[in-house]
Amino acid sequence: MKQPITYNGFLNGANNALNLKMVWHDDSVNGLIYCETSVPAVFSSYPNVLHGGMVSTLLDETCVRAIMLEEGHDCIMVTAHLDVQYKKPTPPETPLRIEGRIIKNSHTKALTEAVIKLPDGTVTAIGTAVVVLPKQSPLSASPEDMAEWQRSTDPKAKLMSK
């Protein structure tokens with residue numbers, strides 16, 4: 001099942017022309033979520049190497065989204081702590097598979113993990129995050145984001161766009 005998107009999000013916002021068009025999917029059979037993507041070279045720090053900040057952003061978003069596998073798409077947690085291990089350079093313009101899973105879940109706080117894999121299965125980076133349930137949903141500040149989040153989970157609904 002496809003996970004929801006936001007209205008203005010950097011990685012997948014329906015109204016953001018610069019978004020990376022990333023889509024995460026639930027794979028409850030294997031107990032993980034995943035995203036298959038390729039990141040443009042403009043996010044490189046050196047030739048053929050994605051910037052570490054972009055790599056950590058991919059891991060962070062995947063760690064936060066992993067909790068939705070157990071708690072549902074209306075459970076939006078935020079990162080309290082993220083630890084990133086850079087194993088090998090992550091290349092731009094290359095098919096990547098980013099997988100996330102839950103290690104431990106107490107419903108208001110969880111430990112999650114995400115990995116970035118190359119097409120041959122080589123892991124380039126691992127992120128481990130403590131994610132927490134905020135007092136107020138991050139989407140509550142933006143009616144557009146809330147509407148898009150809800151609309152993107154309804155296969156019959158038309159997504160908002162500019």
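A residue counts as buried when its relative accessible area is under 20%, and as partly exposed when that area lies between the buried limit and 50%. Keep that cut-off in mind as we walk through this predicted model and its five salt bridges.

Let's begin with Glu-99. Its relative accessibility is 14%, so Glu-99 counts as buried. The partner to look at here is Arg-97, whose closest N atom sits 2.6 Å from the closest O atom of Glu-99 in a salt bridge. Arg-97 itself is partly exposed, at 23% relative accessibility.

Glu-113 lies in strand S7 (residues 109–117), twelve residues away from Arg-101, and the pair links distant parts of the chain. With a relative accessible area of 38%, Arg-101 is partly exposed.

Now turn to helix H1. Which residue forms a salt bridge with Glu-61? Arg-65 does, and the closest N and O atoms of the two are 2.9 Å apart. Because they stand four residues apart in helix H1 (residues 52–66), about one helical turn separates Glu-61 from Arg-65. Is Arg-65 buried or exposed? Arg-65 has a relative accessible area of 2%, so this residue is buried, whereas Glu-61 is partly exposed at 25%.

Technical notes
Residues are numbered from 1 along each chain as its sequence is written. This is a predicted model: local features need pLDDT of at least 70, side-chain atom pairs count only at pLDDT 80 or more; totals for chains, interfaces and linings use all residues. Side-chain values use heavy atoms; hydrogens and water are left out. A salt bridge is a side-chain nitrogen of Lys or Arg within 4 Å of a carboxyl oxygen of Asp or Glu. Helices (H or I, at least four residues) and strands (E, at least two) are DSSP runs, numbered from the N terminus. Buried means under 20% relative accessible area, exposed over 50%, partly exposed in between (1.4 Å probe, protein chains only).
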